[in-house]
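Keep the picture open as you read and hop between the text and the view.

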Amino acid sequence: MIHNYSKFIDGQIFTKKDILKILNDNEIECQIIDIKFYHYKKIYIKINESGNISILKLCLHKHSIELAENEKRGYLYFANEDTSKFNLPNFKQINTNENYTLSKINFINGKKGNYFEFAKFYKNDFSKELNSISIEDYIFLINKKIKIDSCNNHDSKKFIDVTEKILNKYKSTLILMDASHGDFINFNSIKTNEKYYMFDLEFFQKDASFLYDYFSWHLSPLISKTVKYKQQFIFLKIFPLLIKFLYFMFKKKYKKSIIDGEKKFKILLILFLLEKHVSSKFKKVFNEDELISVNDRNLLSKNSNLYMNLLIKIL
């Protein structure tokens with residue numbers, strides 16, 4: 001069977017009949033309300049089980065199955081009262097095997113949060129004592145996780161050049177480590193009259209650089225829109241001022257934060273930009289052209305390039 005991206009999105013490759021078989025195999029008796037097909041062979045199925053509305057996520061590719069397993073780890077980690085940082089919908093992994101992963105979250109009838117509501121979604125004042133690591137060791141961990149050394153090309157050489165510059169300036173600096181949602185943006189949020197929720201923890205990290213979620217919320221949507229509307233030149237010009245503004249607002253809001261100055265804030269930002277760059281630039285997914293549209297691949301590549309250019313701008 002030829003797995004064509006557009007045919008999958010249109011529901012021609014994995015059909016409603018196939019979905020019903022999986023639901024039956026997992027003894028899920030329900031009414032299907034809606035089905036949405038997404039890239040990387042993910043399917044979201046809105047269901048009604050005796051009046052209880054839920055969202056099933058069915059992952060059918062090795063890459064999305066791995067992300068689903070990581071998402072499970074994220075939900076389990078942040079469900080603990082001691083490590084909780086945001087409200088989460090009820091989550092359950094129903095089945096996982098070599099062919100698919102099926103999970104379920106309860107449906108929340110609300111609307112997306114907006115860009116200016118970070119503090120309402122993030123229940124943390126950044127004052128907790130955390131473990132630290134040297135920048136040299138942190139970059140080593142990034143390299144090990146992404147396996148950049150095995151990519152002998154222009155991008156990997158650029159990564160090496162940039163990390164050498166970072167180490168020359170900050171090698172002896174210790175940075176704080178913290179757990180991260182991994183993709184903490186308002187697109188992955190939902191609010192009701194009573195509560196503010198986050199979901200989609202596929203990129204959860206137990207050991208990320210401190211403030212990773214803060215930078216993700218405030219910068220990732222801006223960078224995506226900058227690329228979409230082809231305004232990279234302007235964004236690069238205003239970026240240093242934007243960072244000063246973000247630091248000012250951070251210190252104003254989080255007076256008890258363990259961040260002790262703008263320099264440390266900037267170092268953490270540099271590491272955030274570096275990891276965002278490498279996580280998309282060096283990600284290896286088999287048959288990716290069948291899993292995501294050409295346009296989305298191009299946008300991801302341009303996003304990755306902008307993260308690197310912003311890093312170089314403030315380094």
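Let's start with a pair of strands: β3 and β5 run antiparallel to each other and are joined over 6 bridges. Within that pairing, S54 faces N106 of β5. Bear in mind that this is a predicted model.

**The five-stranded sheet**

These two strands belong to an open, antiparallel sheet of 5 strands, arranged in the order β1-β2-β3-β5-β4. At its edges you'll find β1 (31-38) and β4 (91-96); each has a single partner strand, so one side of each has no neighbour in the sheet. From one strand to the next, the twist averages 20°. In general, the strands of a sheet are held in pairs by backbone hydrogen bonds, and the pairing can be parallel or antiparallel.

|---|---|---|
| β1 and β2 | 7 bridges | K36 and Y44 |
| β2 and β3 | 8 bridges | I43 and L58 |
| β3 and β5 | 6 bridges | S54 and N106 |
| β4 and β5 | 5 bridges | F91 and I105 |

Two of these pairs are hairpins. Between β2 and β3 there are 2 residues, and in this hairpin S50 has a positive phi near 55°. The hairpin of β4 and β5 has 4 residues between its strands.

How many of the residues of β3 are buried? The count is 6 of 8, so β3 is largely enclosed by the rest of the structure.

The charged end of K46 sits over the ring of F107, 4.1 Å from the ring's centre. Elsewhere, K112 does something along those lines: K112 lies over the face of F187, at 4.8 Å from the ring centre.

**Helices across the sheet**

Helix α2 (residues 16-25) lies across β1, β2, β3 (52-59) and β5 (101-106), and runs at about 115° to β1. Helix α3 (residues 62-79) lies across β2, β3, β4 and β5, at about 145° to β4.

Zoom in on α2. Which of its residues are buried? They include I19, I22 and L23. Looking down the helix axis, the buried residues of α2 fall within an arc of 100°, so they line one face of the helix. Among the elements that cover these buried residues are β1, β2, β3 and β5. On the face turned away from the buried side, α2 carries K17, K21 and N24, which are exposed.

In the loop between α2 and β1 sits N26. Is N26 buried or exposed? With a relative accessibility of 15%, N26 counts as buried. Setting aside neighbours within four places in sequence, N26 is in contact with I94, N95, Y100 and L102.

**A three-stranded sheet**

There is also an open sheet of 3 strands, again antiparallel, in the order β6-β7-β10. Its edges are β6 (132-134) and β10 (205-209), and because each of them has a single partner strand, one side of each is left without a neighbour in the sheet. Ignoring direction, neighbouring strands here are turned by 45° against each other on average.

Look at β6 and β7 (residues 174-180): these two pair in the antiparallel sense over 3 bridges. There, I133 stands opposite I175 in β7.

Finally, the rings. The structure holds 35 aromatic pairs. One of them is F235 with F239, a tilted pair with 5.8 Å centre to centre and 40° between the planes. Why are these two about one helical turn apart? F235 and F239 are 4 residues apart in helix α8 (residues 232-253), which puts about one turn of the helix between them.

Conventions
Residues are numbered from 1 along each chain as its sequence is written. This is a predicted model: local features need pLDDT of at least 70, side-chain atom pairs count only at pLDDT 80 or more; totals for chains, interfaces and linings use all residues. Side-chain values use heavy atoms; hydrogens and water are left out. Two strands pair if DSSP finds at least two bridges between them. Axes are lines fitted to C-alpha atoms, for helices over the stretch in contact, and angles run from 0 to 180 degrees between N-to-C directions. Contact means heavy atoms within 4.5 Å. Rings of Phe, Tyr and Trp (its six-membered ring) pair if their centres lie within 6.5 Å; planes under 30 degrees apart count as stacked, over 60 as edge-to-face and the rest as tilted. A charge sits over a ring if NZ of Lys or CZ of Arg is within 6 Å of the ring centre and within 35 degrees of the ring normal. Buried means under 20% relative accessible area, exposed over 50%, partly exposed in between (1.4 Å probe, protein chains only). The arc is that of the directions from the helix axis to the C-beta atoms.
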